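Please look at the chain below and follow it slowly, one part after another.

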Amino acid sequence: MNPKSTASQYTPVRITTIKAERTVTFPVYIHFKEQYLEYIKPSTAIDKEKYKKLRKQKITKFYILSEDEVKYQDFLDSFLEEALSNPNTSIEEKSEIVTGQAETAIDKMGADPGNENNFNMTRKA
């Protein structure tokens with residue numbers, strides 16, 4: 001965490017869009033006591049138990065650096081394509097993934113409707 005960081009440097013994303021045991025290519029943060037703490041390092045994944053614990057605690061959002069939004073979108077596209085084409089992924093899990101991606105897109109579009117990336121994200125959702 002950068003002690004001089006500001007909220008505008010971070011973009012909220014739904015926790016349901018970053019699944020346990022799925023490697024991310026960007027740092028993922030949680031917001032705790034007015035600070036952004038790195039929770040998942042690039043090239044690593046969150047383990048199932050930590051993920052379950054966060055969900056049980058009703059944590060609904062992770063945060064990414066605003067500069068990593070393109071990496072996040074690439075991650076989502078890959079994740080969505082993989083999940084939808086995998087016959088072993090349950091309908092419930094597919095629905096949760098699509099819903100999480102759509103909710104994130106709508107949140108981002110509402111926060112900054114003039115942003116082309118946000119518009120493109122809603123089109124994909």
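With a relative accessibility of 6%, Thr11 counts as buried, where buried means under 20% relative accessible area, exposed means over 50%, and partly exposed lies in between, with a 1.4 Å probe and protein chains only. Thr11 lies in strand E1, and its side chain is joined to that of Ser66 by a polar contact of 3.3 Å. A polar contact is a pair of N or O atoms within 3.5 Å, of which, within protein, one must be able to donate a hydrogen and the other to accept it, while residues adjacent in sequence count only if both atoms are side-chain atoms.

This is a predicted model, in which local features need pLDDT of at least 70 and side-chain atom pairs count only at pLDDT 80 or more, whereas totals for chains, interfaces and linings use all residues. Residues are numbered from 1 along each chain as its sequence is written, and side-chain values use heavy atoms, with hydrogens and water left out.

Strand E1 covers residues 10-14 and pairs with E4 in the antiparallel sense over five bridges; two strands pair if DSSP finds at least two bridges between them. The names themselves come from DSSP runs, numbered from the N terminus, with helices (H or I) of at least four residues and strands (E) of at least two. Across this pairing, Arg14 stands opposite Lys61 in E4. Strand E4, residues 61-65, is mostly covered, since four of its five residues are buried.

The loop between strand E3 (35-40) and H1 contains Asp47, which counts as partly exposed at 37% relative accessibility. At the start of helix H1 (residues 48-56), a side-chain oxygen of Asp47 comes to within 3.1 Å of the backbone nitrogen of Glu49. The C-alpha atom of Asp47 is also separated by 5.4 Å from that of Glu21, although the two residues are 26 residues apart along the chain. Just after H1, Lys58 takes a positive phi of about 65°.

How far apart are the end C-alpha atoms of H2? They are 24 Å apart, which agrees with the 24 Å that its 17 residues should span at 1.5 Å a residue, the expected span being 1.5 Å times one less than the number of residues. The buried residues of H2 are Tyr72, Gln73, Phe75, Leu76, Phe79, Leu80 and Ala83. These residues cover an arc of only 160° around the axis, and therefore lie on the same side of H2; the arc is that of the directions from the helix axis to the C-beta atoms. On the other side of H2, Val70, Glu81 and Ser85 are exposed.

The aromatic rings come last. Rings of Phe, Tyr and Trp (its six-membered ring) pair if their centres lie within 6.5 Å, and planes under 30 degrees apart count as stacked, over 60 as edge-to-face and the rest as tilted. The structure holds seven aromatic pairs. In the pair of Phe26 and Tyr72, the ring centres are 6.0 Å apart and the planes stand at 80°, so the pair is edge-to-face. This pair links distant parts of the chain, with Phe26 in the loop between E1 and strand E2 (28-32) and Tyr72 in helix H2 (residues 69-85), 46 residues apart. Phe26 counts as buried at 0% relative accessibility, and Tyr72 counts as buried at 1%. Elsewhere, Tyr10, Tyr29, Tyr36 and Tyr63 form one aromatic cluster.
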